[in-house]
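Please review the following briefing alongside the sequence and the coordinates.

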Amino acid sequence: MFLFRQSPPEKDGNDNSTLFSVKFKTTERTGYAAPLSNYIASSYAEPPEAYRDDLRVLDELRESATAALDVNTSVLKRNTRYYGQLSFILSKFPADVNVGFTWHNAFDREASVSCQDLYFEKASVLFNIGAIYSQLACRESRNDKESLNRAFGYFQNAAGVFSYLRLKVVSETRTQVTTDLSAYMLTTLENLMLCQAQECVWHRSVLGHMKDANIARVAQQVAELYDLAIESGSQGSLAGTIPGNWLDHFKVKRMYFCAEAQYRKALDCLATSHYGEEVARLRMAQDYCCQAAEFIAYDQRWSKTLRAAVIDLVQSLQELVDSNCTRAERDNDVIYLDPVPAASALSSISPYKLAQPTTPEVIQNPGKFLGSEELGPPLFKGLVPFVIHQAASLYEDRKDQLVNKDLITALDELTADCESVLSSLNLPNALEAIQKPVGLPPNILVGAEEIRSEGGFLGIKRMLDNATDANTRAAAMLAAAENALDEEAREDLRVRHGAPRDSARAKRTESSDLTNSLRGEIAKYREVVQKARESDATIAGQVETWSKFFALLGSPREELERQVPSTTVNPITDPHHSQIVERLQQYLNEVSIMRRERLKSVEKLKRSANEDDITPALNEEMQRLAAAATEGASSSSSSIVKFELHQFEDLFAQRLDKYASWRKYIGEEREAQAELLDSIREANQAFLMARSSHPLLQQRQKALSNLETAIKRFREASFNLHDGVRFYTTLEAELRKLKESCLDFAMARHLDALDLVGAGHGEIPEDLAKTPDTLAGSSHASQQRQPQPQQQQQQQPNLMWDPTMPLKYAKPK
């Protein structure tokens, strides 16, 4: 871990100081080189070797900025340079680039946040810059005007940094930040820095012997600033973050400066001969000093967190106020006799604020200093900004939406509509039946060959029988598994029946408590088998319905052609009817030409979209925007131009406009297709009327239509049955495991029953030693089984189970 070492105790954060500095945030070691190299290679398609020096410098900048060094202006410069380069590379890389950062809470070292967020890194570095300014201010002796001026400037810079961090930087982070970066905490730090900057003004006013009235106004402003610090620091969310003694010091110092303001105003009243008001204000100063003294006394009794320097400051002022109040009251009572107004009647002291949050220009506008000695040359200057890649990706998405989702989909829908209309008119099948009366259409021949290759009707019937057999086997395995559990349950009842209450037999766990999961599995698989049986029945019904057509399609081609109605000549011999057929064929030819041309147009559109690379245009637009921003910017503006996606919207619209002609083309295609389909409907109506007098043609057309439907049904049945083979193979394996589990359970329980009965009796009862064969077969078969004749000699039952033998048990005499 890199740790910022705090400033020496005698100059920062000790009992000898009345001012506070901010601790540093600490961080863990991390590196940019490897993750940024990978990101450049994968996302930017550029060689990372070209940026090897930039990566090395960036790693060095972070390490030097987070190294454990004493606080001085060199540390401030290193952190500022790192901050400036971070600000610039955020215009080149996304904030969530694959670099991990871990930062600890400045006020709670145990709390930390780890994330991949460059904005969080930037915010943490900027927090430390504010902390450096606060510590540089506290290091000043503040014993002379020059030292006070430097401290005043540092405190104002610290306040400006914390204000800028709160308003501009933290809001950009993409992760949950540590509480020291919360808005309440940064507001508290900003107010504290302003309090202490105003204190420097007060101290300088006292050293410079300014008029007491002016000193009072400066002190009043200090008190009001501490009021703001108390308000922001008292937020509930900061209870575990802000140092515990800070608020106590804020309250004491507020009371102190309220007393100081009244004391200085009283001295002004003395100088202007307002003796009664002098006494009233001194009494008010006494009240504030007494409140502070009571707070100090309570602290010293319990926590002792107040600094000795602050306590001494209050006590010195209290003694000074008390002595002046005694004098003023005596002089007024004896000499001046001026009425003493009530505290509520006194005019308020108008505060005089000089402390303001001052953000260094290098923090607000780091781009202005890139290339100078302060920040160094910008890193990754030649790398295309990440927003350009984002813009290119966004344009690709919009182009894809326009080309594929809108234009090509519209053309595909036109083609689908055309095919739907032709299919509803039974074209071109109806026309082929006229033009090719001998022979079969190619789709029928291909389908028939496919059916023959799968064995025809007998092949599909064989697959159906196999599915039925598999379902029967599955049901048998389920029955065997359930019968084994049922027989074991009956045996369990016999074991526990009549057993003494406290015996092992009586305490034996009931079968129902042990077989819930197995019976649940059996019920689940029984439902699966039933549904599979129903599906098989549906397929069988479909096969039975189309069995004649399946058998015909599985026959040789010559037999298939012989069974389809045909003629050797065109039955439409009337010249007028021939013209009708020719006209309909011409329209169908135009449809074919339209489809081919449409496919060519789609390919042309796809090529045009693939060749549409917007990256060069984006780079030109980026340069134009950067030049416009530079020309229109003031001398104090940042030269880091932050591009946003919305800045490229005009370019997107311009590039997508070139696809507008395709919308016009689609409209023309839609009109032309509608006109052509209307002509086809009209010609087809005339064709139907001409064909209505030829029943043979109608028979042929109907036969071809039935064969097409039969081919579809065969393919559906074949697909479902092949899928059923895979299903039953998996199911049988699972049921086999379930059956074995049930048989193993029944065997183990049977052996346990024999042990229990044999342990309590000299001889095992015959009804327990006998195990039904249903553990390997059906219950019905077991009930039909006849008892074996008794042996001449009593034999000891074989209690050793041979897994290779059937589950049968010897019957003892």
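Which backbone nitrogen lies 3.0 Å from a polar atom of the side chain of Ser134? The backbone nitrogen of Val22 lies at that distance from the Ser134 side chain. The model is predicted, with local features requiring pLDDT of at least 70 and side-chain atom pairs pLDDT 80 or more, while totals for chains, interfaces and linings use all residues. Residues are numbered from 1 along each chain as its sequence is written, and side-chain values use heavy atoms, leaving out hydrogens and water.

**Chain overview**
- The chain contains 26 helices and two strands (DSSP runs numbered from the N terminus, with H or I over at least four residues for helices and E over at least two for strands).
- Of its 813 residues, 46% are buried, a term that denotes under 20% relative accessible area with a 1.4 Å probe and protein chains only.
- Among contacts (heavy atoms within 4.5 Å) between residues at least 6 apart in sequence, 82% join residues at least 24 apart.

**Ser134**
- Ser134 belongs to helix 4, residues 118–139.
- Ser134 counts as buried because its relative accessibility is 0%.
- Leaving out residues up to four places away in sequence, Ser134 touches Ser21, Val22, Phe155, Ala158 and Met193.

**Arg62**
- Arg62 is located in helix 2, residues 52–65, and is buried, with a relative accessible area of 2%.
- The side chains of Arg62 and Thr27 form a polar contact of 2.8 Å (a pair of N or O atoms within 3.5 Å; within protein, one must be able to donate a hydrogen and the other to accept it, and residues adjacent in sequence count only if both atoms are side-chain atoms).
- Beyond four places in sequence, the residues in contact with Arg62 include Glu28, Tyr82, Trp103 and Glu121.
- Arg62 and Gly31 are 31 residues apart in sequence, with their C-alpha atoms 8.5 Å apart.

**Second largest pocket**
- The second largest pocket is lined by 28 residues, with Leu90, Ser91, Tyr119, Glu172 and Lys642 nearest its centre.
- Helix 3 (73–89), helix 4, helix 5 (145–169), helix 11 (361–364) and helix 12 (386–424) each give two or more residues to this lining.
- A pocket is an open set of points on a 1 Å grid over the protein atoms alone where a 1.4 Å probe fits, with protein on both sides within 12 Å along at least five of seven lines; lining residues have an atom within 4 Å of a point.

Methods:
Buried means under 20% relative accessible area, exposed over 50%, partly exposed in between (1.4 Å probe, protein chains only).
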